[in-house]
Amino acid sequence: MPIIAKLPSPNLFSTLPSTPPPNTPRHTSSPPKPPIPVPKYPPPPLKSRKHPPNPAFKTLHRNTKYHKPVKPGVISSDGDRAVVVGESGLSYLLPGAPFEFQFSYSETPKVKPVAIREPAFLPFGPPTMPRPWTGKAPMKNERRKARKIALVESMNPVAEEEGRVKQLEMVRPLEMGRFPAEVKPRQKVIGKPLTRAEIYELLKPHIGSNRQVNLGRDGLTHNMLELVHTHWKRRPVCKVRCLGVPTVDMNNVCRCLEEKTGGKIIHRVGGTVYIFRGRNYDHSTRPWYPVMLWKPATPVYPKLIQEAPEGLTKAEADELRKKGKNLLPICRLAKNGVYTSLVKDVRNAFEGSPLVKINCERLEPSDYKKIGAKLKDLVPCVLLSFDNEQILMWRGQDWKSMYPEAPSASISADSDATNGFNFSGSRSDDYQKPDPNTVISSPKMMSLWQRAIETSKAMLLEDIGLGPDSLLQKVEEFDGMSQATEHSYPALVFSSEDGISSHDDGSEEDEDDDDDEDFLSDSFEGMESSVPIGSLPVVVIDPILQAQA
């Protein structure tokens with residue numbers, strides 16, 4: 001405390017000074033400069049084009065709305081080469097060609113195109129097109145230099161005086177569009193028909209093999225012709241597997257394959273076709289087709305869906321489309337499936353309803369539109385809509401039933417589906433509803449019942465007012481008769497005098513048919529037995545034994 005007393009002002013809690021000390025600004029250091037400054041380059045100059053671009057490089061059908069109406073005839077020509085519009089659509093004509101070339105031979109619509117989506121160019125290699133070469137020479141490295149030169153056997157060996165020698169030559173580029181001056185007829189190349197044993201031997205290595213030609217939504221294209229001949233160079237049979245849109249009409253695919261390749265179809269199962277090249281086929285003398293380097297743009301065709309289809313007014317067509325929204329589809333098409341039975345299913349569906357719908361969910365729009373165009377010609381029918389990935393069809397006013405024996409079923413089907421629309425699609429005021437007590441079966445079911453009665457697999461009761469006991473008795477009697485009919489077969493009767501066996505009077509000996517030209521079987525498991533499966537000869541002998549007893 002003596003120290004505090006000595007201070008001049010003993011007040012320890014004195015007030016702070018009225019003027020605070022000035023705030024000295026803090027020193028902010030700037031970021032260090034980079035050791036090497038970032039160089040600033042000028043923008044690259046635009047490349048000057050010395051030559052104008054070729055019009056063949058422009059994909060006008062994709063980036064622009066190129067639309068040029070065309071008429072049947074030649075629309076572009078370059079000497080002997082021309083682009084032609086005809087009954088078969090857009091085709092390309094080359095000098096010496098055996099036929100007019102197309103991008104697709106099996107999937108071209110049967111109507112004339114109305115316009116094209118790109119300028120008319122020939123999609124072949126030089127000198128058949130005005131498109132310049134944009135390729136690049138292969139790079140030469142050590143591995144390429146050390147590789148040996150491939151030698152192949154010459155197609156035209158030279159015979160010297162001492163004897164025939166095997167001549168080898170280097171691989172040379174293939175000539176574009178080489179066609180022989182003398183073409184052998186197709187019948188001479190194929191030769192005599194194959195026998196059953198020969199067909200089996202030819203098909204045996206191809207059944208489980210994946211060496212095949214895949215045929216997709218574009219059908220039989222032009223480049224596939226060269227591919228088929230490449231398969232024929234190694235093997236006498238080429239396997240073609242068809243999937244998707246072309247399988248709706250397999251007969252058309254088979255016709256195009258035989259017509260364009262010159263081969264013979266020896267086996268067909270589902271969407272798989274086996275083509276035989278012929279007995280007298282020579283790979284060195286066959287025609288060499290030029291290869292298409294790009295896919296031509298599809299021409300513009302008339303619309304498939306019309307607001308007022310043939311036989312209907314616009315109001316009636318809209319009414320049918322409205323009713324088709326609540327209609328259940330008869331099937332659902334899988335992507336890249338086999339649709340060989342689709343035409344038959346649609347025809348059978350038209351027996352019960354004038355409207356038929358097919359579910360095409362997850363299919364490409366171009367695919368189910370092509371399917372609809374095929375069904376329009378094959379069934380035939382009238383297309384109403386492609387909305388919601390579904391094909392809606394009407395059977396048309398000229399439709400006729402496949403079963404003319406029972407026409408009443410079509411009347412009941414019309415009344416249920418269209419609710420007052422007759423065959424032509426127009427509403428009839430004097431339409432009478434059928435009697436609910438009258439049972440009307442479908443024509444197909446009536447034909448099945450009639451066939452079952454003829455083969456003793458069903459029985460027609462004349463009196464329907466039978467009791468349970470009498471009905472059971474009828475069923476037991478019919479059961480015994482049907483079993484005897486199904487398992488009966490003329491038995492062999494041995495004579496006690498000479499011991500020689502002979503058939504009954506009503507039986508005939510089976511003769512082996514050696515004609516192999518009409519071979520249409522799809523399996524080669526074995527020949528059919530002369531005795532039907534499940535036959536019991538004891539059924540015929542049993543009445544004789546009972547009479548003797």
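P113 counts as buried, at 6% relative accessibility; buried means under 20% relative accessible area, exposed over 50% and partly exposed in between, with a 1.4 Å probe and protein chains only. The structure is a predicted model, in which local features need pLDDT of at least 70, side-chain atom pairs count only at pLDDT 80 or more, and totals for chains, interfaces and linings use all residues. Residues are numbered from 1 along each chain as its sequence is written, and side-chain values use heavy atoms, with hydrogens and water left out.

P113 sits in the loop between β4 and β5 (115-116). Helices (H or I, at least four residues) and strands (E, at least two) are DSSP runs numbered from the N terminus. Apart from neighbours within four places in sequence, the contacts of P113 are V70, V85, G86, G89, P299, V300 and Y301, where contact means heavy atoms within 4.5 Å. V300 is 187 residues away from P113 along the chain, yet their C-alpha atoms are separated by 5.6 Å.

**Cores**

A nonpolar core is a set of buried Ala, Val, Leu, Ile, Met, Phe, Trp, Tyr and Cys residues joined through side-chain atoms within 4.5 Å. The largest one has 34 residues, and Y92, F101 and L220 have the most contacts inside it. The elements that each supply at least two of its residues include β3 (81-86), β4 (89-93) and α6 (222-234). Helix α7 gives the largest share, five residues. Because domain 1 (62-116) and domain 2 (186-286) both contribute residues, this core lies between them; the domain bounds come from an automatic or database domain assignment. A second, separate core has 23 residues, among them V343, Y368, C381 and I391.

**Aromatic pairs**

Eight aromatic pairs are found in the whole structure. Rings of Phe, Tyr and Trp (its six-membered ring) pair if their centres lie within 6.5 Å; planes under 30 degrees apart count as stacked, over 60 as edge-to-face and the rest as tilted. Two of the pairs are tabulated here.

| Pair | Centre distance | Plane angle | Type |
|---|---|---|---|
| F101 and F124 | 5.9 Å | 65° | edge-to-face |
| Y368 and F386 | 6.0 Å | 50° | tilted |

F101 is buried at a relative accessible area of 0%, and F124 is buried at 0%. Y368, in helix α10, and F386, in the loop between β13 and β14, are 18 residues apart in sequence, so their pair ties these parts together. Y368 has a relative accessible area of 7% and F386 one of 13%. One aromatic cluster consists of Y92, F99, F101, Y105, F124 and Y289.

**Sheets**

Two strands pair if DSSP finds at least two bridges between them. An open antiparallel sheet has three strands in the order β12-β14-β13. Strands β12 (355-359) and β13 (382-385) are at its edges with a single partner each, so one side of each has no neighbour in the sheet. Three bridges join β13 to β14 (residues 390-394), and V382 is opposite W394 in β14. Helix α10 (residues 365-378) lies across β12, β13 and β14 and runs at about 15° to β14. Axes are lines fitted to C-alpha atoms, for helices over the stretch in contact, and angles run from 0 to 180 degrees between N-to-C directions.

Another open sheet, with mixed pairing, has four strands in the order β8-β9-β11-β10. Its edge strands are β8 and β10 (264-269). Strands β9 and β11 run antiparallel and share five bridges.
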